[in-house]
Amino acid sequence: MDQALAVHRLHFAFTVTFHYLFPQLTMGLALLLVVLKTIALRNKDERYNHAARFWGKIFAINFAVGVVTGIPMEFQFGTNWSEFSKASGNVIGQSLAMEGVFSFFLESSFLGLFLFGEKRLGPVGHWLSAVLVFLGSWLSGFFIIVTDAFMQHPVGHEVLPGGVIALKSFWEFLLNPWALWQYWHNMNGALLTGCFVMAGVGAFYLITRQHEEQARLFVRVGVIVGAIASLIQLFPTGDGQGKMLAKHQPVTLAAMEGLFRTEEGAPIAIIGQPDVEKQRLDNPILIPRVLSFLTYQRWEARVQGLEEFPREDWPDNIEILYYAYHIMVGLGTFFIAILCGAAFLLWRRMLYGARWMLWILMLSVPFPYIANTAGWVTAEVGRQPWLIYGIMRTHEGYSTNVSAGNALFTLIGFMGMYTVLGILFLFLVRRELEHGPTPAASSVPPAPVRA
Amino acid sequence: METLWFCLVALMIAAYVVFDGFDLGAGIVQGWVARTAEERRTVIRTIGPVWDGNEVWLIAGGGTLFFAFPTLYAASFSGFYLPLMMVLWLLILRGCSIEFRDHIKNDAWRPFWDGVFQISSSVLAIVFGAALGNVIRGVAFDENGRFFSPLWVELGSVERAGILDPYTVTVGLTAFAALAMHGALWLAHKTLGPIAERARLAARGAWLGTTALTVVITLWTMRLQPLVPGNLAGRPWGAIFPALAVAGLVAVWFFNARRNTGKAFLASCAYLVGMLTSAAFGIYPYVLPSIHDPARGLTVAAAAAPESGLRIGLVWWSIGMTLATCYVIFVYRHFAGRVTAGSEEGGYGGA
């Protein structure tokens, strides 16, 4: 591979992976904050307002890091992928601009009100600002997914002579069927991160016997919402996404599953190592016919293996793709088991005393981050060797006027900067956790003041 | 259609400079205006709830530039690769300094972030100004319509256009002085007591610098970039843009001297809008002129996206920006009033 191409790819991959550690919690917590504020408003239960205030502080730190690491993402299309931008800017620039115009103005405006204006807004106004922050952050997720979906499965466009891609149909582009499945799957994944973080923090407080009333509330909300989300992650969203892949990127599906030969009644590999050289899966544990059934709902259906596709259309790193996909699916299964198990214990009123389960919940906090990251790696490495599927190859898209050395310099700069940022984030969050959700002086319902 | 989008993009950039300009300016002057840690906290609190929204104008403006003029976006962002990356790093540091400063109240943590805030704000103002200088002066396009600017060149060199040369640095310093004035007026308007008084004095000093530098860069630009006098001669109505800037500058002095800080701040907005629209008017029909061979310059028509996409964009953009304007007005009305020391809720007192 061309060295400059490799560095530019790694540049984007690194900055976007680090960035997405934060928005997934932002989007997950945004929905959970609405849940907390809604319960507080309906039941006039001040404990839930109190919880929302505590999570609002964590949200703000997380949001700030998400914002500062997000700005480089939009810029990088122009700086590192200028040929891609020149060709497709009229299409993907629209969804990126829409993110700014429709969601960031909304999100940033009402986050300020949510964090600084509780007293002046009154209970209903404050609830509404939480809803609008949620709406803004989930809309921004939508526009990013639409952008990615165009690269995965381009629709609503026309390729002009000279290679410029023009937008033809706005609604076709915006309501790309690929985007709809991917959006739901992705947002639900973000919600799982939010649930695990909330339940994990609650479990930590219960294990260390602090703030126990609030901690039980955190665990309850995190486990109940999380159990539902973990099931939705598998069906219908994961399933729907898989079927999109079978229809539009069969070669990617074959590579993800490590299926080198076309088979009728194809098995699914639980474990195994792809050996691309010899074109086989080493040491596999296979469940016969399951892949055929999952893909086409028929046990004997024929699933195309990699052998049916020209070698230059194979994803260029089958190993990473295969492992990332299996990590995602494995963790998804694990989430269903523990969250539904914890929900069962909750229903039997045994959860708060079941310390082993609290330990599992606490230690599981990193896993949804890993699963979400692995899912994105599956999607984006799976898209290779295409930048826009079927239209533009990845090696045609990078900035040829930016040398490998310059790109490497800024990549290393970002690595250093983000290391410091990560430490700073953990340090500040740790302080908030140590401080905990102690009732502030204003835990008495504040009198609504007209703004 | 392309010219309409050229105006809209120029408007979004002007909005970014007016909005984010005052919080950058607040960063530049905070070292002079605020003496104690508590006073500096007051400075941060005047921008706390709004700075992030102000930066959205950069994202939204960048996105609009991206889809309306993809060729310009691609050529300029990759050509200005190194300085843009440094802008990103500075924006990251600055965002951290505003958000994280008040998490820990001790005598090492807060001064450290105050310093980061002031330095990053100052350097950003200069770099943004220098970027504008590069756009006005033009860049060294090759025959494929690409370029890659070195960070700086030997003083006086005209062979290779660097990001930082005497002209662009002077534009950068003008931006620094103008945003310092803008930020000082914002602080004078949003605070009370000694901070407001010092901010008013700082604005006066910055006004002198801004005025002197404005005269210098105006004359220099007229000599350096023949497009500008050409456009003014060809379309004399365009003189309203520089007239707006001059009127704004005069009004800043007038209102600041009369302690009418609100109107002085608005006058400063008018000055910034006047300067930026003058620049956009001056280089039209180019969006990025070429320094050696004018034919290689990127024009509005050559940089624009296909017509169909621009039409589609106009519909949602108009709806979206109307909504966005409503949120912005709502937020600024909500946080209207002066920040008083020790008050709750991000410091916005009053009822």
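Q: Is N283(A) buried or exposed, and how do I judge that in this predicted model?
A: Count the C-beta atoms around the residue: 20 or more within 10 Å means buried, and 12 or fewer means exposed. N283(A) has 8 C-beta neighbours inside 10 Å, so N283(A) counts as exposed. You will find N283(A) in strand β5 of chain A, residues 280-287.

Q: Where does K44(A) lie, and what is its phi?
A: K44(A) belongs to the loop between α2 and α3 of chain A. Its phi is near 50 degrees, again positive in a residue that is not glycine.

Q: Which peptide bonds are cis, with omega near or about 5 degrees?
A: In chain A, the bond from Q384(A) to P385(A) is cis, with omega near 5 degrees. P385(A) sits in the loop between α13 (366-383) and β7 (386-388) of that chain. In chain B, Y284(B) and P285(B) are joined by a cis peptide bond, with omega about 5 degrees. There, P285(B) lies in the loop between α11 (261-283) and β1 (286-288) of chain B.

Q: How do the axes of α2 and α5 of chain A cross?
A: Start with the approach and the angle between the two axes. Helix α2(A), residues 23-43, and helix α5(A), residues 118-152, have axes that come within 9 Å and cross at roughly 155 degrees. An angle over 145 degrees counts as roughly antiparallel, and that makes α2(A) roughly antiparallel to α5(A). The crossing is left-handed.

Q: Which residues make the contact between α2(A) and α5(A)?
A: From α2(A), the contributors include M27(A), L31(A), V34(A) and L41(A). From α5(A), they include W127(A), V131(A), F134(A) and W138(A). Sorted by class, this contact has 13 nonpolar, five polar and one charged residues.

Q: What does a crossing between helices of two chains look like, taking α3(A) and α3(B)?
A: The axes of α3(A), residues 46-80, and α3(B) come within 10 Å and cross at roughly 15 degrees. Angles under 35 degrees count as roughly parallel, which makes α3(A) roughly parallel to α3(B). α3(A) passes α3(B) in a left-handed crossing. V67(A), I71(A), E74(A) and F77(A) meet D52(B), I59(B), G62(B), G63(B) and F66(B) here.

Q: How many residues are in contact between chain B and chain A, and which helices of chain B supply them?
A: Count the residues on each side, then ask which elements they come from. 54 residues of chain B are in contact with 52 residues of chain A. On chain B, α3 (51-68), α4 (70-79), α5 (81-100) and α13 (307-334) each supply at least two residues of that side. α13(B) gives the most, with 14 residues. The side of chain B that touches chain A divides into 35 nonpolar, 15 polar and four charged residues.

Q: How do I judge the overall build of chain A?
A: Chain A has 14 helices and eight strands. Its radius of gyration is 23 Å, close to the 22 Å that the rule gives for 451 residues, so chain A is as compact as a globular protein of that length. The C-alpha trace spans about 70 × 50 × 40 Å along its principal axes, and 53% of the residues of chain A count as buried.

Q: And what are the elements and radius of gyration of chain B?
A: Chain B has 13 helices and two strands. The radius of gyration of chain B is 20 Å, close to the 20 Å from the globule rule for 351 residues, so chain B is as compact as a globular protein of that length. Of those residues, 56% count as buried.

Terms used. Residues are numbered from 1 along each chain as its sequence is written. Chains are lettered from A and ligands numbered from 1 in the order in which they are written. This is a predicted model: local features need pLDDT of at least 70, side-chain atom pairs count only at pLDDT 80 or more; totals for chains, interfaces and linings use all residues. Helices (H or I, at least four residues) and strands (E, at least two) are DSSP runs, numbered from the N terminus. The radius of gyration is taken over C-alpha atoms; the globule rule is 2.2 Å times the number of residues to the power 0.38. Two residues are in contact if their C-beta atoms, placed from the backbone, lie within 7 Å. Ala, Val, Leu, Ile, Met, Phe, Trp, Tyr, Cys and Pro count as nonpolar, Asp, Glu, Lys and Arg as charged, and the others, Gly among them, as polar. Axes are lines fitted to C-alpha atoms, for helices over the stretch in contact, and angles run from 0 to 180 degrees between N-to-C directions. Angles under 35 degrees count as roughly parallel, over 145 as roughly antiparallel, 65 to 115 as roughly perpendicular and the rest as oblique. A crossing is left-handed if the near helix is turned anticlockwise from the far one by less than a right angle, and right-handed if clockwise.
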